[in-house]
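Please look over this model with me. My notes are below, in numbered points.

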Amino acid sequence: REPKELHLAAVFPMQGHGGWLGGQGCLPAALMALEDVNNRTDLLSGYKLRLHWRDSQCNPGKAASEMYDLLYDPPTKLMMLGGCSIVSSTIGEAAKMWNLVVVSYGSSSPALSNRHRFPTFFRTHPSATIHNPTRIKLFKMFDWSRIAIIQEAEEVFTSTGVDLEARCKEANIEVVSRVNFITDPTDAVKTLKRQDARIIVGMFYVAAARRVFCEAYRQKIFGKQYVWLLIGWYEDDWYTIQDKGHNCTTEELKQALEGHITTEALMLYKEENKTISGMTSRTFMDRYIQTLEKDNNTNGRRPEGFQEAPLAYDAIWAVALALNKTIARLKQRGEPIENFTYTNKRIMGELWKAMNATQFLGVSGYVSFSAKGDRMAQTQIEQMINGTYYKIGYYDYPTDDYQKTINEAQWIDGKPPQDRTIIKTTL
Ligand SMILES: CC1(C)CO[C@@H](CC(=O)O)CN1
């Protein structure tokens with residue numbers, strides 16, 4: 001008998017002006033997962049998953065229009081996938097009107113952790129706030145209880161800064177100042193200097209990072225008395241790119257960046273054991289890279305979204321597993337999944353419960369969601385020594401487990417800088 005078809009809607013940010021065009025790297029991974037799921041006989045037996053996708057251009061308006069077409073062009077779609085945070089805000093808020101569960105493979109904005117605005121939203125991409133428990137862990141490990149925050153005026157960084165301040169308060173860590181800048185960081189850096197900040201968390205996109213560190217070099221807030229904690233998902237040689245936003249040399253930036261620490265969410269499972277797909281994460285990456293080369297529209301360079309590809313692969317698996325579980329539960333009361341309509345709350349309720357209970361080992365690591373639909377994930381800590389990043393540790397917040405690697409953190413004086421000026425008083 002021909003398998004029946006189950007249909008998914010999706011938007012991927014492919015072309016467009018700015019924002020994250022990670023659909024280029026994520027769509028191939030999602031299609032790989034669709035093929036793998038459909039080849040499984042022990043999953044969705046009697047059904048085939050079909051993916052109907054459009055280009056959102058990481059633009060909420062375009063995404064809304066494409067979502068409308070995807071939903072009103074037959075056949076009925078059971079769930080929807082999305083990428084950029086600003087697109088997920090739009091489709092995540094609208095989805096409840098169609099009783100659709102939404103899963104995002106590429107949204108980092110903390111604003112999306114809001115069950116009031118986004119009751120049916122889940123994401124395999126961790127929120128940007130995932131860095132914060134790791135930052136607190138590092139403050140405690142190196143005995144820093146006085147820190148400062150400098151951030152680019154972007155919603156994702158502002159809301160992450162608010163979350164970090166709240167966690168610092170809970171941990172009795174003083175935030176001497178939290179400064180914002182829109183494009184020119186000069187005044188913000190001056191404030192850090194005036195406050196004698198020594199342990200500085202910087203949250204900005206990569207172009208702003210080059211401007212901040214040119215300013216830090218000029219105002220000499222780097223070196224053995226300072227530690228900067230940055231975001232780890234810039235490309236490795238990000239500071240060598242000469243853009244018109246700053247007029248420092250690569251050598252000057254490299255000096256200012258010496259010894260800084262980065263935190264980032266792990267997006268590729270780092271152990272060798274097999275995942276739910278039967279592949280190890282290494283096998284997945286080999287296959288994924290072959291797929292990219294076959295598509296040859298990337299001519300050898302990594303497309304945007306390359307690092308988030310495991311999240312897209314696992315998002316399709318999360319959807320498939322939730323559908324599988326829902327079909328089994330509906331069968332118990334003799335209701336076929338084909339009864340799903342955009343006005344049918346009951347079936348969406350089953351899908352939501354199944355998605356909420358998701359627990360599997362994916363190529364991006366263990367996939368499970370918090371009560372707000374946020375991805376639980378491990379973080380990776382690196383330190384830049386002489387222009388190169390070295391992994392120094394991994395942190396798992398739920399278990400408070402910090403694993404050191406063979407690379408110890410290096411300090412110019414052989415010990416971590418202090419978080420304030422120590423006035424030596426000879427009694
Ligand atoms: C780590 C990064 C680059 C953060 O932004 C995400 C995109 C977004 O949140 O809109 C994609 N992944």
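Predicted model: local features only at pLDDT ≥ 70, side-chain atom pairs only at ≥ 80, totals over all residues.

1. Residues are numbered from 1 along each chain as its sequence is written, and side-chain values use heavy atoms, with hydrogens and water left out.

2. The sheet is open, with 5 strands in the order 2-1-3-4-5 and parallel pairing. Strand 2 (47–55) and strand 5 (121–123) are its edges, each pairing on one side only. Neighbouring strands are turned by 25 degrees against each other on average, direction ignored. Strands (E, at least two residues) and helices (H or I, at least four) are DSSP runs, numbered from the N terminus. Pairing takes at least two DSSP bridges between two strands.

3. Strand 4 (residues 101–104) pairs with strand 5 in the parallel sense over 3 bridges. Val103 has Phe122 in strand 5 as its bridge partner.

4. Helix 2 (residues 60–72) packs on the sheet and touches strand 1, strand 2 and strand 3 (79–82). Its direction makes about 145 degrees with that of strand 2. Helix 1 (residues 23–39) lies across strand 1 (4–12) and strand 2, at about 170 degrees to strand 2. Axes are lines fitted to C-alpha atoms, for helices over the stretch in contact; angles run from 0 to 180 degrees between N-to-C directions.

5. Where is Phe142? Phe142 sits in the loop between helix 4 (131–141) and strand 6 (146–152). Phe142 counts as buried because its relative accessibility is 15%; buried means under 20% relative accessible area (1.4 Å probe, protein chains only).

6. Beyond neighbours within four places in sequence, Phe142 is in contact with Ile261, Ala409, Trp411 and Pro416. Contact means heavy atoms within 4.5 Å. Phe142 and Pro416 are 274 residues apart in sequence, yet 6.4 Å apart in space, C-alpha to C-alpha.

Notes:
Buried < 20%, exposed > 50% of the residue type's maximum accessible area, 1.4 Å probe, protein only.
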